Structures are given as C-alpha cells and as structure tokens.
Amino acid sequence: MKKTSLFVTCIIDQLVPEVGVAVTKILRKTGYSIDFPSEQTCCGQPLFNSGFTEKAKLMAENTIKIFKNSNSVVIPSGSCTAMIRNFYPDLFKNDPNAYKEALNLAKKTFEFTEFLTKQKIQIPRSLMNNKQKKVAYHPSCHLMRELGIKQDPIELLKKITNVTLVPIKNSQNCCGFGGTFSIKYPEISGKMLSEKIEAIKTSKTGIITSCDMSCLMHIGGALKKQKENIKPLHIAQILAGEE
Amino acid sequence: MSKIETTKFKKASKEAIKNSKLQNTLTGVMAHFDHARTEAINEFGETNWNDLRERGKIIKTHTIQNLDQYLSEFASNVRKNKSIIHFADNASEVNNIVCEIVTTHKAQLIIKSKSMISEETGLNNALSDIGIETVETDLGEYIIQLADETPFHIIAPAMHKTKEDVSKLFQEKLGSKKISEIPELANFARKKLRNKFLNADIGITGANFLVADTGTIVLVTNEGNGRMCTTLPKVHIAIAGMEKVIPSINDLASFLHLLPRAATGQRLTSYVSLLNGPKASDSIEESEERHVIIVDNGRSKLLADPQLRESLNCIRCGACLNICPVYKAVGGHSYGWVYPGPIGAIVTPVMVGLNKATDLPNASSLCGACKDVCPVKINIPRMLLHLRSKIKEDPPKHNIPNLIEKFASELFWQLMKNQTRLSIAHTIGKIIQFPFVRNNTISKIPFPIFSTWTRTKNLMPIAKKSFHTLWESELKK
C-alpha cells in the first residue's frame with residue numbers, strides 16, 4: 001500500500017476539521033494509507049509573514065523534524081505548501097545542515113490537488129453524489145503565484161459529474177485576506193474583499209471553493225454577514241461529495 | 001530631499017478609500033493600463049514575452065552585480081562624447097550641481113521633461129530658492145506642477161485628475177476659458193509651453209537607460225517634450241539613478257521591447273531618443289553642452305543588501321502599480337513619497353529610513369500579482385517579507401500596535417509550540433467563544449481587533465472537535 005503523511009494545517013485542525021476528514025477519505029479510497037503525525041501544529045507562516053523570522057524558524061524546525069521520515073507530505077493548502085516549499089529553505093540558507101533538511105521536506109511536500117494530479121489519482125465515482133451544483137473556483141494567490149498551480153484544481157472539478165463550474169470575474173484577484181494584513185489594514189483588505197464578494201454574487205454560484213481554507217474563511221465570513229446563500233467549501237470537501 | 005510623509009500612510013489610505021471620485025478614477029485608469037498591457041503581451045506571445053523577461057532579468061542582475069565597472073565605463077564614454085559627467089551621493093549634491101551649472105550659464109528659465117529622480121531631490125524647489133523659473137513640460141507633470149502636488153503614479157503623474165479638474169486648474173492658474181474636451185486642453189497647454197521651450201536656457205531630463213559601451217543616454221517618451229528639452233536649449237542636463245546603466249547598445253533592444261509594453265501596452269513609445277555628445281559644430285539638432293549626473297541617494301543601501309539588491313533591476317514601468325490591489329485602493333499619494341506601489345514599498349523605506357515607513361512593506365496581502373507582471377521578474381513579495389523582518393529587528397519604540405503584535409506573536413508561538421499546548425488552547429478557546437457562537441457562526445465580538453473583523457465578516461468558531469481529536473477517536477486505523 002502506498003503511504004503518505006498528512007499535514008492538516010492549523011486552520012483546518014482548529015476550525016474546519018471536516019476538510020481533513022475529506023482529504024483522508026479521498027486518499028484512503030484511492031489506495032493510500034495515511035500517516036498523521038500527532039505532534040504537528042502550524043507551519044509558522046503567520047509569524048513569518050509578520051516579520052517574526054526567528055520564531056518562524058523555530059516552528060519550521062518543529063515541522064521539519066515531525067515529517068523527517070515521511071515519504072511524502074500532503075497539505076490541503078496552497079499557502080502552507082508555499083511556506084514549506086519556497087520559504088523554509090530560504091529561512092535556513094545560512095546553515096548548510098538545516099538547509100538540507102528544509103530542502104528535503106520542501107521536495108516531498110505537495111499541495112493536495114497537485115498531489116492528486118501528479119499521482120494520477122482518479123476520484124472514485126462512489127464519492128460523487130447526484131445532486132447538481134454550481135461551483136465557482138477562487139484560485140488562491142500562493143497556490144497560483146508561489147506554486148504555479150493553476151489548472152490542477154480546475155481539471156479535478158471538471159471531472160466531478162454533478163458539478164457545473166461557473167466563472168467569476170477577475171478570479172485571479174486576491175480576496176484581501178493576507179493573514180494579519182486583514183487585521184492591520186482592514187480598510188484596504190475590506191475593499192479587496194468587497195470586490196471579490198460582488199464578483200462571487202454576480203456569478204450566481206451556489207458554492208465557492210478554493211484550495212485554501214484561509215481565503216474561504218475570509219470570503220465565507222463576509223457572505224455569511226451579508227446573509228448570502230453561497231456556501232464556502234474546500235475543494236477536498238467537494239471532491240469527497242460533501243454538500 | 002523632497003517632503004517625506006510616509007508615516008501618514010494609514011490615515012491617507014483610509015481617506016483615499018472613502019473618496020469615491022478618486023476610487024472611480026483609479027478603477028477606470030488602472031483597468032485601462034492593465035488591459036493595454038495584457039493585449040500587448042498577447043500580441044507579442046506569452047512565451048516570447050517570458051523569454052524576454054528572463055533575458056531582461058539576467059542583463060539587469062549582471063549589471064547590478066558589476067555596477068562599479070559599468071558605471072566607470074559609462075563615465076569614460078560620456079567624457080569621450082565630450083559631455084560632462086558628475087556623480088552625486090545625495091539629493092542636495094544633485095541640486096547643488098544643477099544650481100552651479102545654472103549660475104555659470106546665468107540661466108533664467110529651465111524646462112524639464114519628466115524626471116522622477118528630480119522629485120526625489122526636490123530640485124524644482126531648490127531652483128526656485130535661487131530665483132529660477134522651472135517649467136515641467138510633460139503634460140501630466142505640468143498639471144501637477146500647476147496644482148502644486150506630487151506625482152500620483154510613476155508614469156502617469158496626473159492620472160488622478162479628471163478633465164474637469166484640469167479645466168478648472170487651467171482657468172484658475174492660467175486664465176483659460178472653460179475647456180471641456182481633452183484635445184483642447186492639451187492644445188492649450190501646448191501653446192503655453194511653446195514659448196517656454198523657445199526661451200529656455202537649460203533643459204533638464206531624466207534617463208531611462210544609460211548605455212555603458214557607448215556613453216549614450218536613452219529617453220523613452222510619448223509627447224516629444226523630452227526631445228525638445230534636449231535639443232532647443234543650449235545646455236542639457238540629464239539626471240539618472242546609478243541603476244539605470246545597461247552594459248551595451250546591443251542590450252537596448254530587449255528593454256525597448258519590455259518597457260513600453262509593460263508600462264502602457266505600446267509596442268514602442270512615440271519618441272525614443274539616443275543622446276550621445278553635445279552637438280557637432282555643423283549640427284543644429286543638439287544642445288551645445290551636455291551634463292550627466294549619476295545619483296546614488298540611498299541606492300547603495302539597496303545594493304549593499306543582497307536580499308534587496310534585485311530592486312535595482314527595476315526599469316520603472318509602473319506595471320506593478322497598475323496590477324496591485326493595494327495601490328488600486330489607496331492611490332499614489334498615500335505612500336507619502338516619490339515612489340508608490342509595490343516597488344515603492346521596497347525602495348522608499350530604504351531610501352527615507354525604514355523606521356519612518358514601516359507601513360509600506362506591511363500593507364500588502366503578499367498576493368504576488370506584482371511579481372507576475374514585472375518585466376524583469378523582480379520578486380517583490382520576497383523583498384517585502386525581508387523588510388518586515390528587518391522592521392521587527394529594530395521595532396518602533398513605545399508604539400502600542402507594535403507591542404500588541406509582539407505580545408500576540410509570543411502568545412501564538414507559546415500555544416503552537418507543541419500539540420499538548422495547542423489542545424489546551426483549543427479547550428480554552430471554546431470556553432471563551434461560547435457566549436458569542438450562534439448557529440455555528442460568530443457575528444459579533446465586542447473586543448478590539450476581533451470587533452474590526454466582525455464588523456464586516458462573521459468569524460468561524462473553533463470546531464467542537466479538532467482534527468487531532470477526530471483522528472484519535474474516529475479516523476485512526
């Protein structure tokens with residue numbers, strides 16, 4: 001049996017564990033045994049993005065240690081994958097040994113839809129339900145621009161028989177979350193978010209999906225505040241047939 | 001140095017966002033620029049474009065790594081071309097050099113073509129202090145000079161002004177009649193400027209590129225005013241940042257493809273001037289005396305930091321401003337100094353002092369759109385992160401938001417240190433959130449920071465069971 005490790009991310013662990021359940025379900029159904037190292041917490045990106053580099057390094061060291069013996073690591077987040085793949089090696093570039101360890105993790109870490117695509121995993125029909133639904137896809141910034149993953153999630157969604165993908169205007173625009181940015185600069189973030197919300201509303205979609213729960217938390221929070229009947233679902237939840 | 005108002009970023013940006021007229025203008029103009037750039041790249045072919053961007057990046061990176069050598073080659077070729085080269089360390093040195101040339105020639109009237117570096121040094125004020133009239137001749141610059149403002153955008157300085165604003169300005173400052181159409185406004189300005197061109201003693205321009213192996217100054221313009229500034233007056237002074245140098249005339253074509261497409265979506269600008277020495281004795285087409293001032297003014301600080309050096313690759317096209325959601329929201333003046341937008345958020349803090357501009361690198365969602373459009377592929381988000389880290393090494397003292405952030409980061413680290421602590425935090429969090437959760441959502445928390453969030457967005461409550469708990473209880477096999 002093929003084996004992979006799951007890094008579930010702190011947001012999913014604490015706020016939306018259903019996403020982790022969906023990922024587990026899909027990977028198991030497609031023949032993977034999953035290892036979930038219980039010591040995992042957060043990749044350290046919130047600290048890194050706020051400039052607390054030394055503390056971020058400590059969290060990175062933790063994560064690197066935890067997944068040291070994994071064959072591969074699957075993460076249902078473009079943002080956390082980008083942190084590990086692009087920024088961990090950068091954090092340790094002045095320490096050859098730590099750099100090697102960071103690079104070792106970076107190379108075997110995959111964003112969830114990227115992993116499915118790279119491993120040529122077909123979503124089993126048994127996971128799909130018959131309820132027709134309109135889905136709009138929000139490409140998260142780090143997934144698209146740090147990892148360069150653009151088509152993988154869309155191709156996966158297209159294969160789900162009961163899903164109709166609807167376009168959203170300027171979908172490549174940021175939702176304005178940016179971690180602590182949304183708290184430090186609420187007016188700027190708010191303007192970016194309101195444009196995103198308008199575009200989603202105009203699309204007449206029933207579901208908004210993305211590979212990153214952080215964007216969905218931001219977008220979903222505004223939709224809920226405005227009492228819009230548009231549901232935010234992580235892509236893993238859609239692929240696992242949730243509604 | 002020109003006036004620095006970078007500490008007012010937060011206040012200025014809030015006001016800009018509330019200004020609906022400005023928001024409409026920004027939306028319209030930025031969409032126009034972005035559309036034009038996209039069209040130009042589609043026509044050029046995306047693969048070709050990316051190959052050329054890579055070439056641009058390689059050339060610029062190589063040049064900046066060997067800047068001393070290329071600057072000295074450029075200087076020696078400028079001298080061979082019978083022009084006079086000056087090196088200025090800072091803003092006041094630039095202004096002094098110009099004032100000295102002006103005094104030597106007993107000049108009274110100076111015409112200028114667009115030069116961002118003269119905005120850095122506050123040159124117009126320095127000249128007016130010694131009683132010299134300086135007239136901006138780029139239409140946008142002319143408008144903001146009349147309005148006594150600073151450029152709003154690095155290539156479209158007056159983009160925030162509507163034609164109605166300009167008409168009103170011309171009536172007030174130049175006594176024009178009411179003009180409602182743009183071509184008529186341009187015509188009116190052209191007539192006003194014509195006299196200045198013919199009577200000016202000195203022309204001052206910036207430079208888009210300095211070619212080391214030929215000593216050539218390259219100017220890329222659209223209005224023709226740049227060419228008039230370099231040919232009509234007897235003396236021409238070009239002022240350029242030291243990063244503008246490129247190794248060879250053979251490299252120029254790449255940048256003449258990259259710059260206009262990234263900037264305005266043009267295949268080529270209306271005018272491209274390659275200036276070598278002053279005029280030969282039988283030519284009527286050049287100035288009689290040419291000066292080139294190479295300026296540092298903080299650039300060596302960017303050069304000294306390997307993480308920031310790449311910012312000197314910038315060819316000042318403005319594409320990163322046009323795509324940036326933050327620039328589109330707050331506009332150019334909010335940034336508080338000469339260079340706004342993503343590239344400004346890097347170079348400004350280093351040039352004016354990091355502690356005076358802590359908002360600039362922080363006010364970004366790190367979406368990376370700037371990196372995608374940059375014609376020389378500058379990794380702007382990575383440099384913003386580097387500056388954020390540098391700010392935390394020497395944070396502003398007695399600053400409450402900063403202390404809160406420091407406390408929050410320490411708390412976050414303590415709670416995320418290991419799984420045992422995280423699971424305790426999970427339990428405590430659920431108890432704290434209990435009074436606020438209704439129907440599995442939190443619509444209001446009346447405490448600072450959280451209340452800012454819940455004003456426009458509901459908050460997701462902490463789940464009843466974390467994934468860790470679910471794994472242990474149900475999923476583990």
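**View 1. Gln69(B) sits in helix α4 of chain B, which spans residues 67–80.** This is a predicted model, as are the views that follow. Is Gln69(B) buried, exposed or partly exposed? Gln69(B) counts as partly exposed, because 13 C-beta neighbours fall inside 10 Å, and a residue needs 20 or more to be called buried. Look also for Ala212(B): along the chain, Gln69(B) and Ala212(B) are 143 residues apart, yet their C-alpha atoms are separated by 9.3 Å.

**View 2. Strand β2 of chain B pairs with β3(B) and with β4(B).** Start with β2(B), residues 109–112, and β3(B), residues 133–136: the two run parallel and are joined by four bridges. To get your bearings, find Leu109(B), which stands opposite Glu133(B) in β3(B). Now turn to β4(B), residues 202–205, which pairs with β2(B) over three bridges, again in the parallel sense.

**View 3. Helices α5 and α6 of chain A pack with their axes 8 Å apart.** The pair consists of α5(A), residues 78–91, and α6(A), residues 96–108, and the angle between them is about 175°. That makes α5(A) roughly antiparallel to α6(A), since the label applies to angles over 145 degrees. Which residues of α5(A) meet α6(A)? They are Ile84(A), Arg85(A), Tyr88(A), Pro89(A) and Leu91(A). Facing them from α6(A) are Tyr99(A), Ala102(A), Leu103(A), Leu105(A) and Ala106(A).

**View 4. Domain 1 and domain 2 of chain B have C-alpha centres 52 Å apart.** The domain assignment puts domain 1 at residues 6–300 and domain 2 at 401–475. For the setting, the C-alpha atoms of chain B fill a box of roughly 95 × 55 × 50 Å along the principal axes. How many helices and strands does chain B have? The secondary structure comes to 23 helices and twelve strands. Of the 477 residues in chain B, 47% are buried. As for how the chain meets itself, take the contacts between residues at least 6 apart in sequence: 74% of these join residues at least 24 apart.

Conventions
Residues are numbered from 1 along each chain as its sequence is written. Chains are lettered from A and ligands numbered from 1 in the order in which they are written. This is a predicted model: local features need pLDDT of at least 70, side-chain atom pairs count only at pLDDT 80 or more; totals for chains, interfaces and linings use all residues. A residue is buried if 20 or more other C-beta atoms lie within 10 Å of its own, exposed if 12 or fewer, and partly exposed in between; C-beta atoms are placed from the backbone. Two residues are in contact if their C-beta atoms, placed from the backbone, lie within 7 Å. Two strands pair if DSSP finds at least two bridges between them. Domain bounds come from an automatic or database domain assignment. Axes are lines fitted to C-alpha atoms, for helices over the stretch in contact, and angles run from 0 to 180 degrees between N-to-C directions. Angles under 35 degrees count as roughly parallel, over 145 as roughly antiparallel, 65 to 115 as roughly perpendicular and the rest as oblique.
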